[in-house]
Every structure is written in C-alpha cells, then in structure tokens.
Amino acid sequence: MNKGKSIFSKYFVICSAVILISFICLGAVLLLVSSRYFIEDRKALLKKNCDGAAYEVKEVMLDTPSDWKAQASEIMKEYAMGCNAHFILADKNGRILEKTYGSDKIGTEVSEDLLESIDEDNYYVYDNFGGLTSESSHVCGVKFSANGPDYYMLSTAATSEDNDYVYNLLEVFGISAVIVLIIALFIVYFATMKLTEPVKEIAGLSKKIGKGDFDVTFPDYDIAEFKQLSVAFNEMAASLKSYDTMRNSFVANVSHELRTPMTSIGGFVDGLLDGTIPEGKREEYLRIISSEVHRLTRLVKSMLNLAKIEAGELEPKMEKFSVIELIVETLMTFENRIEEKEIEIRGLDAPRIWLYADEGLVHQVIYNLIENAIKFVNKGGYIEFGFNPIGDRTVISIRNSGEGLSEEEMPLVFDRFYKTDKSRGLDATGVGLGLNIVSSIIRLHGGKIMVKSVKGEYTEFLFTLANSDNA
C-alpha cells in the first residue's frame, strides 16, 4: 500500500535542496569573482615588477655600459623572487640577453610578433612564446632605450598558477561548505521534526475522533496555522459530539415512536381477533388503531421527505393555491385541541393570498408550525397569522402567545433532533423533526425562515414563499 511521502520528508528534501543549490550558486560566484580578482592582481604585480626591473637595469646600463650584465641578472632575480615570475631581457631583434632561472625552455630568442605587441600603451599579452611552452603565460613587457639600442624587459608567469589558485580556493570552499551543509541539514532536520510534531499529534487525535471519542481536546499551538486548525478541530469535535448525542436520542425516540404504536396496534388487533375486546367497544379501539397508523405514517413520511430533500431527489410540484384556505383546512384538523385550550385564532380575515409553490409540501410546513404553536400556546391564549406581500414574495407569520423561547434556544430550534426542555415535557412522543422539515422545505422553495420570541410573551415563526404570477 502506497502511503505517500510525509510532510517531514518533503519539507526536509525541499530545504536541503534549497541549501545545496544556494551553496553551489554561492561557490560558483565566489570562484568566478576570486579568479578574476586573482588574475587582475597577478597582472598588476607583473606589470609593476617589470617596470621596476626595466628601470633599474636601464640605470645599470647607463652607469656601467661595458659591464652591466651581472648586475642586471641580480636585479632580475630579485624581482623574479618578489613576484614569483620569470624575467627575460631581450634586444630589439628578439635575442635573449639575460634570463632568470626557469626560463631555459624558452630558448635563445623571443618571437618578433610578441615584441611587436609590446608598446607604451599595451604591454600585457597572453602568449606561449611561439610554441616553445606547452601552455599560455601571462607576459608583461616594457620597451626601453639604453646605450643607444632598444631593449625589452619581459616578466612571465604560467597560467597554470591561476588554476592552482582556483583549485586551492575550491578545496577550501568545498571543505567549508560540507561542514556548514552538515550543520545546516542537522538544524533543518530537527526544526522539521519540531514543525511536524503538531501534524502527527493532530492526526492521532483525529483518529480518536474517528473512533467515536468526541471528548478529545486539541492543544493551543503557538504557530498561527496550527492554532487555527486546532480551533477548527475542537469545534468539529464539539459538533460531532452534539450530533452524536442528538443521533442517539433520535434513534431512541424513533425506536420508541415506532414501537409504541406498533405495540398498541398489535395488542388491539389481537384483542379484536380473540374476542377479548367486547363487541360494543370494537369501534372505539378501531379508531385508536387508525390513529396509531396515521401517527406511524406521519413519522415515516417525515423521515422520507428529509432523506429526499438531502439527496436532492424531492422536486416540488409548483402550482397556484390560496394559503389562507390551506391554513383554515389545517386548523380544522386541530379543532378539538383548539377548543380544549380555548385558543383565539387571529388574522384570517385578510384578503386571499395566492402562492406559487408545492401545496403538499407547504401543507407540511403549515401543519408543523400550527401544531408547534398549539403545543406551546398558553390556555386562553391566541394564535395570530400575518401576511405581508413584499415584491414577488409573501412573508407569512404564525405567532402564539405563551412562555416563548430563550436566547440560547432560538438558534437551535431548526436543528434536527433538537427539542427544548419544555417541549420534552409537553410532547414526549415527538422526535424533533418537525421544524427541521419546515426549514428544509422552505429552503427547497428558495425562501427563508426565521424565529422571533420574547420570553414570557410570544413566539413567532416567519417564512417567505413566492407569489402566484396570476394573483
């Protein structure tokens, strides 16, 4: 199984490559600049010593015209030792008169081409003395006159010395670079390990979350990116824990919701079949069975609608209908409960409002909101409907008097499986799907839904739907 490269290995390789390339570029620049500087310095030294040797030899020639060679040879040796070069004294015909040790291989003459290239303005050339030497040399020359004829003082040094300098410099740089590179890689290695430790820690804690341990808390890191990641994972763990709690509650509630009516239906049917239930009470028990069947149908329908909406499989069947007539029909199904709680119905005397939506889905919205309002309205209270057309949409509101919602409860009422503490006491059989379905249906129609509440006074749900084009 290919697990891929780790962040550690990638980061370490990248940093190492950057350091290595930097050293190579730095070394190349250093060698280039140093070699040029060395050559220029070598040329300047040769020129300076050549000028000095020529001047002193000229003075000797003028002072002792008949016996100047011995002194000239000593002068040339001193200057040769001073600049680590060879010196040659030649006449205008190229015949060598004097030369220092090491110049023997040059022979007895200097090429006329070389002498012609030397004048007052340009007296530095590269030359191999007409092929007498195997490599080029730095050659500096000075032309001067003494005792009548012209003479040439030449100072020469092999270019191989340049290479020796470059090799020595390269050797020193290479050794230094290897030492520094080892130290740098050592630092990068441990810095990378330190940098990737949070990644490994986060991965380990994430595995715990994946196994269902939602009590995991990610540490507060110093690095900003890891700090953000830690906060995000902590929020995710909290959300998953909340979701898991709601899921467990949902499973328990649904199991109870399914088991209770099925147990009742099974018991009553058995009682009808074996004659346990008297003939006079059979109709009453059949009504109970029918009620339980409708209860099961609503639950299953709600769950299926949620699943279809989430999967994008539920397409609304758009049509024109009167929302007030739909509300009135829905209120009739709650007639007994409205009379029991002595609820006053307000706002249905408004002009007819035509909507363009899926009437069946909107019926579920109206049914769930009215059922919720009846559940929480105080006895002798009111349920008020409002209709406010705005542009191509209508804002529909359903308000009920009563205890209302707290600020902590309002952001959660549309969450799946959520039930307020008061709701748990008033409706033990509900599973917390009603308002979530309402929110999903409204969003499916491209509308919005919100809740308002004043503690101890009222709760109001408002949602928007499209008007009919023919209204």
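Within the largest nonpolar core, which has 43 residues, the members that touch the most other members are Val323, Ile327, Leu369, Ile370, Phe385, Phe387 and Phe463. Helix 9 (residues 359-376) gives this core its largest share, nine residues. A second, separate core holds 25 residues, including Ala53, Val57, Ala85 and Tyr151. A nonpolar core is here a set of buried Ala, Val, Leu, Ile, Met, Phe, Trp, Tyr and Cys residues joined through side-chain atoms within 4.5 Å. Buried means under 20% relative accessible area, exposed over 50%, and partly exposed in between, with a 1.4 Å probe and protein chains only. Helices (H or I, at least four residues) and strands (E, at least two) are DSSP runs numbered from the N terminus. In soluble globular proteins, nonpolar side chains tend to be buried together.

The model is predicted: local features need pLDDT of at least 70 and side-chain atom pairs count only at pLDDT 80 or more, whereas totals for chains, interfaces and linings use all residues. Residues are numbered from 1 along each chain as its sequence is written, and side-chain values use heavy atoms, with hydrogens and water left out.

Not counting residues up to four places away in sequence, phenylalanine 385 is in contact (heavy atoms within 4.5 Å) with Ile327, Leu331, Ile345, Arg346, Gly347, Leu348, Ile370, Ser397 and Ile398. Arginine 346, one of these residues, has its charged end over the ring of tyrosine 382, 4.0 Å from the ring centre. A charge sits over a ring if NZ of Lys or CZ of Arg is within 6 Å of the ring centre and within 35 degrees of the ring normal. Lysine 320 likewise lies over the face of tryptophan 354, at 4.6 Å from the ring centre. Tryptophan 354 is also touched by serine 322, as are Arg352 and Ile353, again not counting residues up to four places away in sequence. Serine 322 belongs to strand 6 (residues 319-322) and counts as buried because its relative accessibility is 5%.

Four aromatic pairs were found in a search of the whole structure. Rings of Phe, Tyr and Trp (its six-membered ring) pair if their centres lie within 6.5 Å; planes under 30 degrees apart count as stacked, over 60 as edge-to-face and the rest as tilted. The pair of phenylalanine 334 and tyrosine 367 is tilted, because the planes stand at 45 degrees, with the ring centres 4.9 Å apart. Phenylalanine 334 lies in the loop between helix 7 (323-333) and helix 8, and tyrosine 367 in helix 9, so this pair ties together parts that are 33 residues apart in sequence. Phenylalanine 334 is buried, at 3% relative accessibility. Phenylalanine 414 and phenylalanine 461 form an edge-to-face pair, with 5.9 Å from centre to centre and 80 degrees between the planes. This pair links distant parts of the chain, 47 residues apart: phenylalanine 414 is in the loop between strand 10 (393-401) and helix 10 (421-426), and phenylalanine 461 is in strand 12 (residues 458-466). Both phenylalanine 414 and phenylalanine 461 are buried. One aromatic cluster is formed by Trp68, Phe144 and Tyr151.

Strand 12 runs antiparallel to strand 11, and six bridges join the two; two strands pair if DSSP finds at least two bridges between them. They form a hairpin with three residues between them, and glycine 456 in the turn has a positive phi of about 85 degrees. Valine 454 has tyrosine 458 in strand 12 as its bridge partner. Strand 11 (residues 449-454) has Ile449, Val451 and Ser453 on its covered face, and Met450, Lys452 and Val454 on the uncovered one.

Helix 11 (residues 434-444) is largely enclosed by the rest of the structure, because eight of its 11 residues are buried. Among the buried residues are Leu435, Ile437, Val438, Ile441 and Ile442. Glycine 446, with a positive phi near 80 degrees, follows helix 11.

Most residues other than glycine have a negative phi. Asparagine 84, in the loop between helix 2 (69-83) and strand 1 (86-91), has a positive phi near 55 degrees. Phi of glutamate 342 is likewise positive, near 55 degrees, and this residue lies in the loop between helix 8 (335-340) and strand 7 (344-346). Asparagine 84 is exposed, at 53% relative accessibility, and glutamate 342 is exposed with a relative accessible area of 53%.
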